[in-house]
Amino acid sequence: MYRSHVLVCGGTGCTSSGSLKVKEAFEKAIKAEGLEKEVAVVETGCHGLCQMGPVVIVYPDATFYARVEAKDVEEIVKEHLLKGRIVKRLVYEEAQTEDGVKTLADTNFYSKQVRVALRNCGVINPEDIDEYIGTGGYEALGKVLTEMTPDEVIQVILDSGLRGRGGAGFPTGLKWKLCRPNQADKKYVCCNGDEGDPGAFMDRSVLEGDPHAVLEAMAIAGYAIGSDQGYIYVRAEYPIAVERLKIAIKQAREYGLLGKNIFGTGFNFDIDLRLGAGAFVCGEETALMTSIEGKRGEPRPRPPFPAVKGLFGKPSILNNVETYANIPQIILKGAEWFASMGTEKSKGTKVFALGGKIKNTGLVEIPMGTPLRTIIENIGGGIPNGKKFKAVQTGGPSGGCIPAQYIDIPVDYENLASIGCIVGSGGMIVMDEDNCMVDIAKFFLEFTVDESCGKCTACRIGTRRMLEILTKITDGKATMDDLTKLEELCLYVKNNSLCALGQTAPNPVLSTLKFFKDEYIAHIVDKKCPAGVCKALMTYNIDPAKCIGCKACAKGCPANAIKVNANSEVKEGKKLPYLVIGDECVKCGACQATCKFGAIYKK
Amino acid sequence: MKSLAELKAIKEKMQNQMNMRSDADHTRVVVGMATCGIAAGARPVLNTLSDEIQKRGLTDKIAVTQTGCIGLCQFEPIVEVYEPGKEKVTYIKMDAEKALEVIERHLVGGHVVEKYSMGASGLK
Ligand SMILES: Cc1cc2nc3c(=O)[nH]c(=O)nc-3n(C[C@H](O)[C@H](O)[C@H](O)COP(=O)(O)O)c2cc1C
């Protein structure tokens with residue numbers, strides 16, 4: 001029996017900042033102190049505060065150490081684990097108080113969160129099925145198989161109000177209900193772990209941190225719709241998730257929680273993995289199923305819907321990873337419990353991936369309907385460097401932006417839709433006054449142009465033409481006519497594309513046009529980029545009043561664009577202007593970063 | 001897995017370990033583990049407390065942790081019990097057996113074991 005647990009995050013974020021070395025160092029140091037029978041070292045999934053990685057949490061005190069390096073470990077072991085003295089300098093800043101430290105749950109980042117889908121992430125060892133069972137794992141499957149009929153299961157999911165977390169927000173119970181009556185020799189339960197939305201990584205986190213929750217939920221879905229085979233489609237770029245899923249499936253099979261005659265009830269269910277190569281379109285449900293079949297991942301028209309004719313032409317359901325992660329909890333705690341969280345039509349919690357110009361980047365899970373302000377200012381810790389909040393992009397390349405004037409909007413499906421945004425898969429990219437909205441729209445459109453599968457003309461060619469117009473605008477070469485054309489094209493692509501990739505591709509343009517049309521016009525008419533981002537429309541200049549002529553900028557300039565001014569005049573004993581920036585300038589901004597006197601400015 | 005009973009058995013085996021990883025408000029049992037405490041034998045006290053709390057399935061309510069030097073080195077090993085909403089109780093000159101008694105009578109039974117507490121030695 002251990003008296004203390006040291007949890008080291010082994011999620012993708014922390015692993016890339018060196019958490020595995022930290023874990024090894026703990027094992028070594030603990031052994032050196034002879035504590036190996038008293039203190040357990042546990043590798044977990046992601047705890048959400050990726051910014052602060054590698055993250056180490058010591059229980060039972062719940063002390064949250066941030067940015068731990070291997071060289072810090074000996075001190076933690078000798079001081080904290082042996083003598084009980086918390087190493088304050090390594091504790092997450094937010095958790096430090098005047099007279100000690102507070103627990104994680106009391107910090108701004110965590111106190112407003114409600115963890116349902118992420119409940120085990122960062123808490124259990126995802127490679128040990130016993131730890132999952134120790135937190136109530138597979139009890140929901142047991143309950144469903146021994147106490148409930150498939151129709152009762154579907155009713156609970158319906159009553160909970162759970163809607164798909166993969167983007168479209170379709171009611172999960174209804175999806176299952178539509179599939180259940182369809183008779184066939186084989187039916188399939190699929191899981192969408194493709195997670196193509198740039199900036200979103202909650203599905204990766206669930207698969208890495210709590211893979212059994214997804215397996216259990218898929219088995220429950222199998223029982224509900226009458227299927228004995230599941231497939232998880234996960235992108236090959238998630239090697240840790242793939243590895244943990246493989247281990248989880250193996251352990252579940254060994255325990256007989258997957259396979260034949262589960263809990264002696266006669267119910268059979270097994271799950272296999274399929275790896276995707278990372279095409280965005282393969283996250284679309286019909287393309288995903290086509291890809292599992294071993295064919296080129298392209299969407300096909302619906303109907304027939306997958307509930308009737310899905311994978312291998314058989315009735316199938318597809319749900320997102322995060323959607324599944326909610327299911328076992330709903331079964332155990334009841335539909336009312338889940339429905340008590342959130343708003344009228346958006347129930348439960350949602351995981352958001354906070355990124356961009358925000359202090360605390362990472363994963364946060366909050367009840368639906370939480371005001372955007374709480375997410376940005378409290379949980380996210382606000383905008384760094386004293387900059388002004390400008391907008392947040394939700395839903396990635398299919399979504400739109402919420403401008404600062406809507407900062408009090410409750411975040412749920414309906415409210416975001418009312419201003420032309422979507423919850424989407426939960427990506428939230430925060431932007432400040434230094435972001436150019438035309439440039440943002442261009443960024444997302446570049447993504448869709450790359451990722452369009454090419455099957456239908458509207459998407460393949462339409463998005464390319466849109467990007468050309470946007471580039472013309474950011475280059476300062478567009479006319480107001482181009483803007484009208486762009487708006488027309490948006491509607492055309494939206495209405496004529498086969499799948500939601502094309503149908504939603506214009507959203508970032510439409511939404512920035514709606515809220516920031518003045519920025520478009522500034523680029524077109526005044527040939528100016530108000531945020532100073534679009535390189536063609538701005539120059540770097542030297543303020544002669546502030547320049548002292550030290551030439552630090554000239555030395556650092558990669559293009560040798562900064563020269564001594566041959567025509568400078570002598571004023572008050574100084575040659576002015578002493579330095580000038582020539583046409584060779586590549587607008588990299590290195591000079592501005594070098595200048596200690598703030599003499600270089602963008603115009 | 002042939003039955004729910006099998007699942008339950010694994011859960012019971014694991015539960016106490018898992019409950020330790022919670023951020024909830026616990027009763028805290030704190031053992032002084034500075035050099036003075038360790039030299040006086042605080043480590044077996046700590047381990048006995050931790051093991052017994054787990055064996056009794058109390059980890060969801062009680063957290064056993066350590067602290068540094070409490071400043072009363074001659075009375076080590078020292079164990080402090082912090083119960084939410086109650087005054088702190090300090091036990092002095094503890095050993096493994098006394099620790100078990102404190103669990104039985106104080107933490108489970110709800111009665112402070114006066115004879116080991118600091119108050120009893122007239123030090124309060
Ligand atoms: C272009 C495109 C990409 C998509 N990518 C994903 C994805 O990466 N993950 C996901 O869960 N759903 C994705 N979807 C949504 C799926 O088509 C589908 O609605 C979802 O997986 C259903 O699960 P849910 O009801 O649980 O959300 C994508 C849709 C489109 C059109």
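1. Which residues are closest to the ligand? They are Gly166(A), Lys175(A), Glu195(A), Asn320(A) and Thr323(A), and 18 residues surround the ligand in total. A residue is near a molecule if one of its heavy atoms lies within 4 Å of it.

2. Basis of the note. This is a predicted model: local features need pLDDT of at least 70, side-chain atom pairs count only at pLDDT 80 or more, and totals for chains, interfaces and linings use all residues. Residues are numbered from 1 along each chain as its sequence is written, chains are lettered from A and ligands numbered from 1 in the order in which they are written, and side-chain values use heavy atoms, with hydrogens and water left out.

3. Polar contacts (pairs of N or O atoms within 3.5 Å). A polar side-chain atom of Thr323(A) is 2.8 Å from an oxygen atom of the ligand. For Asn319(A), a polar side-chain atom is 3.0 Å from a ligand oxygen. Glu195(A) uses its backbone: a polar atom there lies 2.9 Å from an oxygen of the ligand. On its own the ligand has 610 Å² of accessible area, and the protein covers 90% of this (Shrake-Rupley method, 1.4 Å probe).

4. Make-up of the shell. Strand E11 (316-320) and helix H20 (500-504) of chain A each give at least two residues. E11(A) supplies the largest share, three residues. Helices (H or I, at least four residues) and strands (E, at least two) are DSSP runs, numbered from the N terminus. By class the shell has six charged, eight polar and four nonpolar residues. Here Asp, Glu, Lys and Arg count as charged; Ala, Val, Leu, Ile, Met, Phe, Trp, Tyr, Cys and Pro as nonpolar; the others, Gly among them, as polar.

5. Cis peptide bonds. One runs from Gly53(A) to Pro54(A), with omega near -10°. Pro54(A) sits in the loop between strands E2 (39-44) and E3 (56-59) of chain A. In chain B, Glu76(B) and Pro77(B) are joined by a cis bond with omega about -10°. Pro77(B) is in the loop between strands E2 (62-67) and E3 (79-82) of chain B.

6. Phe312(A) has phi near 50°. Its loop lies between helix H12 (285-292) and E11 of chain A. Phe312(A) counts as partly exposed because its relative accessibility is 38% (buried is under 20%, exposed over 50%, partly exposed in between; 1.4 Å probe, protein chains only). Lys527(A) has phi of about 55°. Lys527(A) is partly exposed too, at 36% relative accessibility.

Definitions and conventions:
A polar contact is a pair of N or O atoms within 3.5 Å; within protein, one must be able to donate a hydrogen and the other to accept it, and residues adjacent in sequence count only if both atoms are side-chain atoms.
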